[in-house]
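Have the model open in a viewer and follow the selections below in order.

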Amino acid sequence: MTPSAPPHPRTDDDWWRSAVVYQVYVRSFADSDGDGIGDLRGVRSRLPYLRDLGVDALWLTPFYRSPMIDGGYDVADYRDVDPMFGTLADFDDMIGGAHALGLRVIVDIVPNHSSSAHPWFTAALAAAPGSAERDRYLFRAGRGTEGELPPNDWESIFGGPAWTRVPDGQWYLHLFDPSQPDLNWRNPAVRAEFEEILRFWLDRGVDGFRIDVAHGMIKAEGLPDVGRTSADGRPQIELLGRGRLPYFDQDEVHDIYRAWRPILDSYPDGRMAVAEAWAESPQRLARYIGPDELHQAFNFDFMDATWSADSFRKVIDTALAESTIVGAPTTWVLSNHDRQRHVTRYGDGPVGLRRARAAALLMLALPGCVYLYQGEELGLPEVLDLPDELRQDPAFPRTGQSRDGCRVPLPWGGGLPPYGFGPDGGGPAWLPAPTTWRALSVAAQTGDPESTLELYRAALRLRREHTALPGGPDGAADPVGLSWLESEPGVLAFARTAPAGAPGLVCLVNLSGAPVTVDGGHGEPVIASQALDERDGGRMLPVDAAAWFVRPATG
Ligand code: GLC
Ligand code: MG
């Protein structure tokens, strides 16, 4: 990281700085062949929907060859498409179709671990302890008199010990499921392989990568104990945020990204990478970003903010301060395939939906790059009542927590489940949609001005029109471009700095317990998550609502 890096010249190569990226969970997006599983041809068929929604890019979750123990985050071949999702030709066709519509495509890369079905792991199991094959993973002798205890006290993020023993007595490390052995990133062969994998997909035209577990690849030398386990009642992973774990966010992980960046930069048209990284502080997270490392990291603090003005304000201020230091705008995300959907997090039912609509207007008004998760534009809630036997998350048997409820296939239209997910409307789906989703489908919401889908469509259009960075095409005058306005307690109010001569955008979010009067000086309302009350010439913003206003140009 270069502290106080100068703002980049803002060319098209910098598209990611203010882009809206739509996360496609491929398995649940659209199914072209009626097997109940979303696939790449399904994605291709729905590209016009994404263009019309108004997003700039897609991020596709893993579609590589995989036994699908962890939804494809267990990769057996990093250079091929799993037959369940299609073929490499389908991928080429999909990306060609996306580019023709002006949509960029980011793919997931999973470098921390492979699948246990990867040929490297099969070879490691067949080879002897101490062999070159074993050195591509993290095999160690156990502790105890017979080596019967795991080599250290590390816990899997999915629950239980992070080690599994093989028949000859050695143990291998898996920070996730036993079917996801961690790769040894201190081995140059592993580094060389992934650099080739990056080139393989860059050559096929991808515009960027979402790096899975980007903070995990390097483990502390000697694999020291954490010194605390779930024996004290709480999972080890909860220590994250209060200190550094020996398996996360080690300084040497940055060497990997300093090697990746020149590869990305050697391709034309602004290829980028975004880290799924967890660090103990926003300052540690910022170290992943910079002109010689990655372009972005997900700002999960925004997703974790509670429904209060103070909580959001704190996260936003911290993120903007970090943006200024690293010279790149931050990212904003409310939901993804690992988290309970935000409608449900914010209270479920009508309250949750109201708040989710307000949060969308807040997020889309902020400077930086936004990641949307498929279905949030429909206001989908988490599906809480999936039968246990249908749940597929490998964490479920061990932790009782499952991420399946945010992965239910999207409703596109029609009167019967799975609501247009398959090729002819009916057909199977790998997880069942609730019957209430009939009214939430794309077809049901299209054209209804009150619907969440039309709110997103309108907000994305207005965002393009009104949130250009000031200071001309390079945004140099003000890389942050946001100023807070005076407001009542519990209300967030800010203006986006407008380029000279352009009208300015003001965003108000009412997180207080009562309606608030809108200052006439904010300009004319252009969109609201709930209708504003017009009273005696004044305007009131309802509780749990947000609205945007456009102020006339100021010279
Ligand atoms: C990331 C993915 C998650 C997966 C895990 C292991 O956190 O988002 O879905 O289970 O990595 O690859
Ligand atoms: Mg299919």
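Begin with β18 and β21 (residues 545-551), which pair in the antiparallel sense over four bridges. This is a predicted model. To see one of the pairings, select Glu 524: its bridge partner in β21 is Val 550.

Now widen the selection to the open sheet of five strands, whose order is β14-β15-β16-β21-β18, with antiparallel pairing. Its edge strands, β14 (482-484) and β18 (524-528), each pair on one side only. On average, neighbouring strands here are turned by 25 degrees against each other, direction ignored.

Next, go to the magnesium ion (ligand 2). Which protein donors does the magnesium ion have? They are Asp 31 (OD), Asp 33 (OD), Asp 35 (OD), Ile 37 (O) and Asp 39 (OD), lying 2.2 Å from the ion. Along the chain these donors follow the spacing D-x1-D-x1-D-x1-I-x1-D. Colour by accessibility: Asp 33 is partly exposed, with a relative accessible area of 48%, whereas Asp 39 is buried at 2%.

Finish at helix α3 (residues 88-100). At 1.5 Å a residue, its 13 residues should span 18 Å, and the end C-alpha atoms are 18 Å apart, which agrees. Select its buried residues: Leu 88, Asp 90, Phe 91, Met 94, Ile 95, Gly 97 and Ala 98. They pack against elements including α1 (40-45), α2 (47-53), β4 (77-81) and α5 (188-203). Just after α3, Gly 102 takes a positive phi of about 80 degrees.

Notes: Residues numbered from 1 in each chain as written. Chains lettered and ligands numbered in written order. Predicted model: local features only at pLDDT ≥ 70, side-chain atom pairs only at ≥ 80, totals over all residues. Heavy atoms only, no water. Donors = N, O, S within 2.8 Å, 3.2 Å for Na, K, Ca; no water. Buried < 20%, exposed > 50% of the residue type's maximum accessible area, 1.4 Å probe, protein only. Helix = DSSP H or I, 4+ residues; strand = E, 2+ residues; numbered from the N terminus. Expected span 1.5 Å × (residues − 1). Contact = heavy atoms within 4.5 Å. Pairing = 2+ DSSP bridges. Axes fitted to C-alpha atoms, helices over the stretch in contact; angles between N-to-C directions.
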